[in-house]
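Hello,

Here is the structure I promised to pass on. My notes on what turned up in it follow below.

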Amino acid sequence: MEPSGTDLTTEVVRTARLVLRPFTDDDVDAVHRATQDPEALRWITGAPVPYTPADARAFVDTVVRQRAEGTGLSVVADAGDGLVGTGGLILGGRHLGPEIGYSVAPWARRRGYATEIADGLARWAFAHGAPRVHLVVDVDNGASQEVAARAGFTREGVVRAALPRRGGTRGDAVLFGRLATD
């Protein structure tokens, strides 16, 4: 999937309550604060521990670059007063299509934002020609599996040893898919 004619550096996705917008320098502090949460760090295993302001700066720089390169649509989920979560759509994905990810800041959890992020990014992908999107969730992350189901994704199976975990081990993941025709 290559969204021709779309400037990913400025692309904004709107949902019922959220603006899914590009990251800016003003988001670095909120990214750092959100990633201090042990529950977030449990599932975002690529984030270093401890997670420093420099790590947050590097993350924001990376996702801004991915948009400029056309390889991803990472977003800040903004409910009107700043970051309540983040999300991303990794473009490409030869067989499974674009991959969606999401995270909600600890101060904004249990409000349905993760579902809204996942659904909004899926709808955007479909509007730009993707026949399917997918996401992978750690088999132990029941809350995220519920989010995927609420966002219209279908559980397709378990992918063994698909996720890197802290300490050098690997964990199983649940694969969820959603078709443009769903």
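The largest nonpolar core has 33 residues, and those with the most contacts inside it are L20, L73, I100, Y102, W124, L135 and F153. By nonpolar core I mean a set of buried Ala, Val, Leu, Ile, Met, Phe, Trp, Tyr and Cys residues joined through side-chain atoms within 4.5 Å. Buried stands for under 20% relative accessible area, exposed for over 50%, and partly exposed for in between (1.4 Å probe, protein chains only). Helix α4 gives this core its largest share, nine residues. Helices (H or I, at least four residues) and strands (E, at least two) are DSSP runs, numbered from the N terminus.

A second, separate core of 14 residues includes V31, A34, A56 and L83.

Before going further, please keep in mind that this is a predicted model: local features need pLDDT of at least 70 and side-chain atom pairs count only at pLDDT 80 or more, while totals for chains, interfaces and linings use all residues. Residues are numbered from 1 along each chain as its sequence is written, and side-chain values use heavy atoms, with hydrogens and water left out.

Now to contacts, meaning heavy atoms within 4.5 Å. Leaving aside residues up to four places away in sequence, L73 touches L8, E11, V13, R67, G87, G88, L89, L121 and W124. T115 sits in helix α4 (residues 113-127) and is buried at 14% relative accessibility.

The structure holds 14 salt bridges, each a side-chain nitrogen of Lys or Arg within 4 Å of a carboxyl oxygen of Asp or Glu. In one of them, D78 pairs with R21, with the closest N and O atoms 3.1 Å apart. That pair links distant parts of the chain, D78 being in strand β3 and R21 in strand β2 (residues 19-21), 57 residues apart. D78 is buried, at 14%, and R21 is buried too, at 17%.

D25 and R57 also form a salt bridge, again with 3.1 Å between the closest N and O atoms. D25 lies in the loop between β2 and α1 (28-34) and R57 in helix α3 (residues 53-69), so the pair ties together parts 32 residues apart in sequence. D25 is exposed at 56%, whereas R57 is partly exposed at 28%.

Finally, strands β7 (residues 154-164) and β8 (residues 170-179) pair in the antiparallel sense over seven bridges; pairing requires that DSSP finds at least two bridges between two strands.

Best wishes
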